[in-house]
Amino acid sequence: MNEASNTVAIPAAVVIKMRLRPGVEQGFSSWHAKMCTIAAELPGFISAEVNAPAASGPPVWRATWRSCGS
């Protein structure tokens, strides 16, 4: 419960799945680090993660940000 507004904080997640062009993995890593740094400063931020593709699966990267906003 948020005391200022008397509302319940609702957890939320943003999940982005993407296929990267070959050779852009380093640029993607830099972008993700910047996004996590900015997100971490926002009220309610919980976590951020990135998952590289599995060797045996499709070449899909997954980035997830979690928060508990009001």
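**An aromatic cluster in a predicted model**

F28, W31, W61 and W65 form one aromatic cluster. This is a predicted model, in which local features need pLDDT of at least 70 and side-chain atom pairs count only at pLDDT 80 or more, while totals for chains, interfaces and linings use all residues. Residues are numbered from 1 along each chain as its sequence is written, and side-chain values use heavy atoms, with hydrogens and water left out.

Me: What makes W31 and W65 an aromatic pair?
Reply: Rings of Phe, Tyr and Trp (its six-membered ring) pair if their centres lie within 6.5 Å. The centres of W31 and W65 are 6.1 Å apart, so the two count as a pair. The structure holds 3 such pairs.

Me: Why is the pair of W31 and W65 called edge-to-face?
Reply: Planes under 30 degrees apart count as stacked, over 60 as edge-to-face and the rest as tilted. The planes of W31 and W65 stand at 90 degrees, so the pair is edge-to-face.

Me: Which parts does the pair of W31 and W65 tie together?
Reply: W31 lies in helix α1 (residues 25-40) and W65 in strand β3 (residues 61-69), so the pair links parts that are 34 residues apart in sequence. Helices (H or I, at least four residues) and strands (E, at least two) are DSSP runs, numbered from the N terminus.

Me: What makes W31 partly exposed?
Reply: W31 has 34% relative accessibility, so W31 counts as partly exposed.

Methods. Buried < 20%, exposed > 50% of the residue type's maximum accessible area, 1.4 Å probe, protein only.
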